[in-house]
Amino acid sequence: MLANIFLHEVLDAWYERDVRPRRRGRTFLTRFADDCVIGCEREDDARRSIAALPKRFARFGLPIHPTKTVLGSFRKPDCQAKSATGNGTFECLGLTQYWTKSRRGSWVIKRKTASKRLRRTRRARWQWCRDQRHAPLQAPYRTWCQKLRGPYPYYGIRGNSPRLERLYEHAEHA
């Protein structure tokens with residue numbers, strides 16, 4: 001909550017007021033708590049935006065994590081140049097964003113649960129089942145039901161049902 005209040009002025013309002021009007025191509029800022037994605041149509045705009053962020057955050061005494069700050073290419077697959085870096089995907093907030101064809105044949109961006117998150121959840125559930133193996137059935141049953149319902153509100157988005165189904169099948173196996 002504090003991040004949302006503080007970063008509204010530090011990042012959101014500043015980006016709309018000072019940064020966006022100075023960019024030559026289309027650009028957007030998407031933020032959730034303290035994570036954000038800045039999308040730019042032109043590479044030079046993206047480089048200038050990423051160069052301005054540390055200066056802006058330093059004015060307020062906020063650090064930027066160097067390994068989590070990435071400049072990558074995320075273009076439609078038919079538009080990517082041979083020398084473009086990145087594979088057309090990126091991860092943000094536990095979701096992998098990727099390009100795919102729609103039923104009508106146009107390129108669209110879809111999201112699915114990140115593989116690291118799936119592995120971590122599956123491993124944790126498996127270990128929990130091992131630890132509860134000899135406990136009386138009633139208490140672990142309630143907790144297990146909560147664990148099964150846990151990821152659905154967050155990861156239950158359009159196009160992500162195959163990943164959630166695999167997670168459920170693994171839970172049944174465990």
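## Strands, hairpins and a pocket

Strand E4, residues 95-101, is mostly covered, with five of its seven residues buried. Buried means under 20% relative accessible area, exposed means over 50%, and partly exposed lies in between, with a 1.4 Å probe and protein chains only. Strands (E, at least two residues) and helices (H or I, at least four) are DSSP runs numbered from the N terminus.

This is a predicted model, in which local features need pLDDT of at least 70 and side-chain atom pairs count only at pLDDT 80 or more, while totals for chains, interfaces and linings use all residues. Residues are numbered from 1 along each chain as its sequence is written, and side-chain values use heavy atoms, with hydrogens and water left out.

### Strand pairing

Two strands pair if DSSP finds at least two bridges between them. Strand E3, residues 89-92, runs antiparallel to E4 and is joined to it by four bridges. Within this pair, phenylalanine 90 stands opposite glutamine 97 of E4. Strand E5, residues 107-113, also pairs with E4 in the antiparallel sense, over seven bridges. Here tryptophan 99 has isoleucine 109 of E5 as its bridge partner.

Another antiparallel pair is made by strand E1 (residues 27-32) and strand E2 (residues 35-40), with six bridges between them. Threonine 27 has cysteine 40 in E2 as its bridge partner.

In a regular strand the side chains alternate between the two faces of the sheet.

### The hairpin turns

| Hairpin | Residues between the strands | Residue with positive phi | Phi |
|---|---|---|---|
| E1 and E2 | two residues | alanine 33 | near 55 degrees |
| E3 and E4 | two residues | leucine 93 | about 60 degrees |
| E4 and E5 | five residues | glycine 105 | about 100 degrees |

Most residues other than glycine have a negative phi, and most peptide bonds are trans. Alanine 33 has a positive phi although it is not a glycine. Alanine 33 lies in the loop between E1 and E2 and is partly exposed, with a relative accessible area of 26%. Leucine 93 likewise has a positive phi in a residue other than glycine. Leucine 93 is in the loop between E3 and E4, and its relative accessible area of 27% makes it partly exposed.

### Two buried residues

Threonine 96 lies in strand E4. With a relative accessible area of 10%, threonine 96 is buried. Contact means heavy atoms within 4.5 Å. Not counting residues up to four places away in sequence, threonine 96 touches Thr89, Phe90, Glu91, Lys110, Arg111, Lys112, Thr113 and Ala114. The C-alpha atom of threonine 96 is separated by 28 Å from that of threonine 143, 47 residues apart along the chain.

Serine 49 belongs to helix H2, residues 43-59. Its relative accessibility is 4%, so serine 49 counts as buried. Leaving aside neighbours within four places in sequence, serine 49 is in contact with Tyr15, Val19, Arg23, Ile38 and Cys40.

### Cysteines

A disulfide is a covalent bond between the sulfur atoms of two cysteines. The criterion used here is a pair of cysteine sulfur atoms within 2.5 Å. The structure holds zero disulfides. The sulfur of cysteine 92 has its closest cysteine sulfur in cysteine 36, at 8.1 Å, which is too far for a bond. Cysteine 92 is also buried, at 16% relative accessible area. For cysteine 145, the closest cysteine sulfur is that of cysteine 129, and the 12 Å between them is too far for a bond.

### The second largest pocket

On a 1 Å grid over the protein atoms alone, a pocket is an open set of points with protein on both sides within 12 Å along at least five of seven lines, and lining residues have an atom within 4 Å of a point. Grid points are joined across faces, edges and corners, and a volume is the space filled by probe spheres set on the points.

The second largest pocket holds about 270 Å³ of space. The elements giving two or more residues to its lining are E4 and E5. E5 gives the most, with four residues. Residues in the lining include Gln97, Lys101, Val108, Ile109, Lys110 and Arg111, and also Ile157, Arg158 and Gly159. By class, the lining has three nonpolar, three polar and five charged residues. In this scheme Ala, Val, Leu, Ile, Met, Phe, Trp, Tyr, Cys and Pro are nonpolar, Asp, Glu, Lys and Arg are charged, and the others, Gly among them, are polar.

Definitions and conventions:
1 Å grid on protein atoms, 1.4 Å probe; cavity = no way out; pocket = protein on both sides within 12 Å on 5 of 7 lines; lining within 4 Å.
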